[in-house]
Amino acid sequence: AADGGAEYKLVDLGTAIGVGSDDRGEEEQMFMTVTDLEFAGTPAYASPENFKDAKTISYASDLWSLAATLFHLVSGQLPFECSSVAAAAASIAGDLDAPAPDVRDRASEEARAAIGNAFAQVLAKGLEKRVERRYRTVDEMATDLYGCLVARGEGLYSAFISYRVASEKFHAALLYEVLNNTITPAGHRVIVYLDVKRLVKGQDWEQGFCLGLLNSLVAMPLLSLGMLEPLAELTGGPDDREDNVLKELLIMQALMDHEGSGGRLRSVYPILVGAPTAPGTPGHPFSGNFFADGSAAPVRRLADRVSPPTMRAVAAFLDKARGAIFVVVDDDVVGPVVGVLSLLYVLCGSPSPPSST
């Protein structure tokens, strides 16, 4: 390296699939990796499909090899028995339901202490023997790996994109695809956190939300009719249920407005999403105009105060994030509607909701 330190390079073309031709000379064919061979790749790092049918090799096989390489790099041991090709085939491609070993169990005691649970889970998913259980995309695995750096305090997300209802999913994915891994004019790489983990059945919503939001510079919540309608049913009284959408918007506002709140958020840019157009109608699959298709109507019915149940949940979250900022009075926590919703009042021609005290 330029500074005199070590420089590491990782090169592996073992599973590069070429297109052979029968009329090529024998000497030239010796340097081609073709699909009609029984095996393609390096056995110790090869996926189960490499051993079963080389013609089925895909990007998922590369993700397996990356996970196996990281496993070896971190632990000093291979994840599976590879004393011979036959042994590798049996241990890797034999029982497809047998899980990969935990990388921490193979690492030395000294190395084990530095391996986080999140990183171990990334390797475990990357080494799923059945392709359908593995990472679906390279971006998905890269996001989880980057999340390991964020959890260690060694990285930040540029933007945090969140959505709540199915009609917003397409827009959230599109924003992610457009923004993620782009380069700013100043030369900085944009890393985006797409908050979808909390929408997966069985996942704690705080797990993904907390990791992404507390370590992002910009939040981009998608707001649509499906998100606003439940808010319009709230009265701001103690009988209101705890509302997760409003809770998240309040947390965003709190992190942005108060120093020492435990986050690094600097801006919130709500994305207003109109109602989806029906299949077979003009404009499909695009969304309608938020202000013209009725999506904005619930904004006029929003309560001017946030209910105590929601505010208590917000305070508990911020307290866990080392930044409780609301005052508890007579066991009730009250606060104003967030600036994001105040902006919607103005955009829709309604007076901004009054502040609560």
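Start by selecting helix 8 (138-151), which gives the most to the lining of the second largest pocket, with eight residues. This is a predicted model, so to speak: local features need pLDDT of at least 70, side-chain atom pairs count only at pLDDT 80 or more, and totals for chains, interfaces and linings use all residues. Residues are numbered from 1 along each chain as its sequence is written, and side-chain values use heavy atoms, with hydrogens and water left out. Helices (H or I, at least four residues) and strands (E, at least two) are DSSP runs, numbered from the N terminus.

Now show the pocket itself. On a 1 Å grid over the protein atoms alone, a pocket is an open set of points with protein on both sides within 12 Å along at least five of seven lines, while a cavity is a set where a 1.4 Å probe fits but cannot get out; lining residues have an atom within 4 Å of a point. Grid points are joined across faces, edges and corners, and a volume is the space filled by probe spheres set on the points. The second largest pocket has about 390 Å³ and 20 lining residues; pick Phe119, Leu145, Cys148, Leu149 and Arg152 to see those nearest its centre. Helix 3, helix 7 and helix 8 are the elements giving two or more residues to that lining. Colour by class and you get 17 nonpolar, two polar and one charged. Here Ala, Val, Leu, Ile, Met, Phe, Trp, Tyr, Cys and Pro count as nonpolar, Asp, Glu, Lys and Arg as charged, and the others, Gly among them, as polar.

How do these helices pack? Axes are lines fitted to C-alpha atoms, for helices over the stretch in contact, and angles run from 0 to 180 degrees between N-to-C directions. Under 35 degrees counts as roughly parallel, over 145 as roughly antiparallel, 65 to 115 as roughly perpendicular and the rest as oblique.

For the contact (heavy atoms within 4.5 Å), select Ala118, Phe119, Val122 and Lys125 of helix 7 with Glu140, Met141, Asp144, Leu145 and Cys148 of helix 8. That's six nonpolar, no polar and three charged residues.

Leu63, Trp64, Ala67, Leu70, Phe71 and Val74 of helix 3 make the contact with Phe119, Leu123 and Gly126 of helix 7; by class, eight are nonpolar, one is polar and none is charged.

To finish the trio, show helix 3 with helix 8: the axes come within 11 Å and cross at roughly 25 degrees, so helix 3 is roughly parallel to helix 8. Leu63, Leu66, Ala67 and Leu70 in helix 3 meet Val138, Met141 and Leu145 in helix 8, and the contact has seven nonpolar residues, no polar and no charged.

Last stop: the second largest cavity, about 70 Å³. Select Ser162, Arg164, Leu222, Val245 and Glu248, which lie nearest its centre among 13 lining residues. Strand 3 (216-224) and helix 12 (244-257) each give two or more, with helix 12 supplying the largest share, four residues.
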